[in-house]
Amino acid sequence: MKTIAMRMLVVIMALALCVAPVAGAAEKDNGNPAADIGLGVASFLCSVPYGAAKVVTALLGGIVGSFTYVLSGFDKKAADAVWYTTIEGDYVVTPDHLRGKKDLRFTGVPPESKSGR
(Lines give C-alpha, C1' and ligand atoms only; values in the text may rest on other atoms or scores of the structure.)
Protein backbone atom coordinates (compact mmCIF):
# COMPACT_ATOMS: atom_id res chain seq x y z
CA MET A 1 0.00 0.00 0.00
CA LYS A 2 2.91 2.35 0.72
CA THR A 3 4.25 1.74 -2.76
CA ILE A 4 0.98 2.77 -4.42
CA ALA A 5 0.72 5.91 -2.30
CA MET A 6 4.33 6.81 -3.08
CA ARG A 7 3.79 6.27 -6.81
CA MET A 8 0.67 8.45 -6.75
CA LEU A 9 2.60 11.16 -4.91
CA VAL A 10 5.37 11.04 -7.53
CA VAL A 11 2.84 11.31 -10.37
CA ILE A 12 1.08 14.24 -8.71
CA MET A 13 4.38 16.03 -8.14
CA ALA A 14 5.43 15.41 -11.75
CA LEU A 15 2.11 16.80 -12.93
CA ALA A 16 2.51 19.88 -10.75
CA LEU A 17 5.99 20.50 -12.18
CA CYS A 18 4.61 19.97 -15.69
CA VAL A 19 1.68 22.35 -15.31
CA ALA A 20 3.36 25.24 -13.45
CA PRO A 21 5.49 26.66 -16.31
CA VAL A 22 2.76 26.08 -18.87
CA ALA A 23 0.19 27.94 -16.78
CA GLY A 24 2.47 30.97 -16.64
CA ALA A 25 2.98 30.91 -20.39
CA ALA A 26 -0.75 30.48 -20.98
CA GLU A 27 -1.54 33.73 -19.19
CA LYS A 28 0.58 35.62 -21.74
CA ASP A 29 -1.32 34.12 -24.69
CA ASN A 30 -2.56 36.72 -27.17
CA GLY A 31 -4.10 34.37 -29.72
CA ASN A 32 -0.73 33.17 -30.97
CA PRO A 33 -1.17 29.96 -33.00
CA ALA A 34 2.22 28.66 -31.85
CA ALA A 35 1.18 29.14 -28.23
CA ASP A 36 -2.05 27.27 -28.91
CA ILE A 37 -0.12 24.38 -30.43
CA GLY A 38 2.26 24.45 -27.47
CA LEU A 39 -0.65 24.35 -25.03
CA GLY A 40 -2.17 21.46 -26.96
CA VAL A 41 1.07 19.50 -26.79
CA ALA A 42 1.56 20.39 -23.12
CA SER A 43 -1.99 19.33 -22.29
CA PHE A 44 -1.37 15.99 -24.01
CA LEU A 45 1.93 15.46 -22.19
CA CYS A 46 0.31 16.35 -18.86
CA SER A 47 -2.70 14.16 -19.59
CA VAL A 48 -0.60 11.01 -19.96
CA PRO A 49 0.58 10.71 -16.32
CA TYR A 50 -2.51 12.48 -14.96
CA GLY A 51 -4.89 10.26 -16.92
CA ALA A 52 -3.03 7.12 -15.87
CA ALA A 53 -3.22 8.13 -12.21
CA LYS A 54 -6.91 9.00 -12.59
CA VAL A 55 -7.75 5.67 -14.26
CA VAL A 56 -5.93 3.73 -11.54
CA THR A 57 -7.74 5.72 -8.86
CA ALA A 58 -11.09 5.13 -10.57
CA LEU A 59 -10.47 1.39 -10.86
CA LEU A 60 -9.44 1.11 -7.23
CA GLY A 61 -12.40 3.25 -6.24
CA GLY A 62 -14.74 0.97 -8.16
CA ILE A 63 -13.37 -2.04 -6.34
CA VAL A 64 -13.40 -0.38 -2.91
CA GLY A 65 -16.90 0.98 -3.58
CA SER A 66 -18.10 -2.52 -4.40
CA PHE A 67 -16.66 -3.84 -1.14
CA THR A 68 -18.28 -0.91 0.67
CA TYR A 69 -21.62 -1.77 -0.91
CA VAL A 70 -21.45 -5.42 0.15
CA LEU A 71 -19.93 -4.88 3.59
CA SER A 72 -22.33 -2.08 4.51
CA GLY A 73 -25.32 -4.35 4.02
CA PHE A 74 -26.02 -3.22 0.44
CA ASP A 75 -26.19 0.47 1.38
CA LYS A 76 -25.99 2.18 -2.01
CA LYS A 77 -25.54 5.61 -0.43
CA ALA A 78 -22.31 4.47 1.27
CA ALA A 79 -21.00 2.96 -1.96
CA ASP A 80 -21.98 6.06 -3.95
CA ALA A 81 -19.85 8.18 -1.64
CA VAL A 82 -16.82 6.14 -2.70
CA TRP A 83 -17.80 5.81 -6.35
CA TYR A 84 -18.61 9.48 -6.95
CA THR A 85 -15.44 10.61 -5.22
CA THR A 86 -13.10 8.31 -7.13
CA ILE A 87 -14.76 7.78 -10.52
CA GLU A 88 -16.13 11.26 -11.23
CA GLY A 89 -13.75 14.08 -12.16
CA ASP A 90 -11.60 15.04 -15.10
CA TYR A 91 -9.59 12.37 -16.90
CA VAL A 92 -7.84 14.66 -19.40
CA VAL A 93 -5.96 17.94 -18.96
CA THR A 94 -7.20 20.46 -21.53
CA PRO A 95 -5.67 23.77 -22.64
CA ASP A 96 -8.43 25.55 -20.69
CA HIS A 97 -7.21 23.80 -17.54
CA LEU A 98 -3.69 25.03 -18.25
CA ARG A 99 -4.92 28.55 -18.92
CA GLY A 100 -6.78 28.56 -15.60
CA LYS A 101 -10.16 29.08 -17.27
CA LYS A 102 -11.48 25.76 -15.98
CA ASP A 103 -10.80 23.94 -12.71
CA LEU A 104 -9.09 20.57 -12.91
CA ARG A 105 -10.94 18.17 -10.61
CA PHE A 106 -9.21 14.91 -9.76
CA THR A 107 -12.08 13.79 -7.53
CA GLY A 108 -15.81 14.07 -7.96
CA VAL A 109 -18.40 15.37 -5.55
CA PRO A 110 -20.94 12.96 -4.05
CA PRO A 111 -24.56 13.89 -4.88
CA GLU A 112 -25.53 15.06 -1.38
CA SER A 113 -22.50 17.39 -1.31
CA LYS A 114 -23.25 19.07 -4.65
CA SER A 115 -24.62 22.59 -4.41
CA GLY A 116 -28.28 22.99 -5.22
CA ARG A 117 -29.33 19.57 -3.89
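# A tour from Phe-74

Start by selecting Phe-74, which sits in the loop between H2 and helix H3 (76–87); helices here are DSSP runs of H or I with at least four residues, strands are runs of E with at least two, and both are numbered from the N terminus. Residue numbers count from 1 along each chain as its sequence is written. What you see is a predicted model, where local features need pLDDT of at least 70, side-chain atom pairs count only at pLDDT 80 or more, and totals for chains, interfaces and linings use all residues, while side-chain values use heavy atoms, with hydrogens and water left out.

Is Phe-74 buried or exposed? Phe-74 counts as exposed because its relative accessibility is 54%; exposed means over 50% relative accessible area, buried under 20%, and partly exposed in between, with a 1.4 Å probe and protein chains only.

**Next, the nonpolar patch.** Colour helix H2 (residues 33–71) and you will find the largest share of the patch, six residues.

**Now step onto H3.** Select Ala-79, Asp-80 and Thr-86, which are buried in H3. Looking down the axis of H3, the buried residues fall within an arc of 150° (taken from the directions from the helix axis to the C-beta atoms), so they line one face of the helix. That buried set packs against H2. Just past H3, Gly-89 has a positive phi of about 120°.

**On to His-97.** This residue lies in helix H4 (residues 95–99). His-97 counts as buried because its relative accessibility is 10%. Leaving aside residues up to four places away in sequence, His-97 touches Asp-90, Val-92, Lys-102, Asp-103 and Leu-104, a contact being heavy atoms within 4.5 Å.

**Finally, zoom out.** The chain has four helices and zero strands. Of its 117 residues, 23% count as buried.
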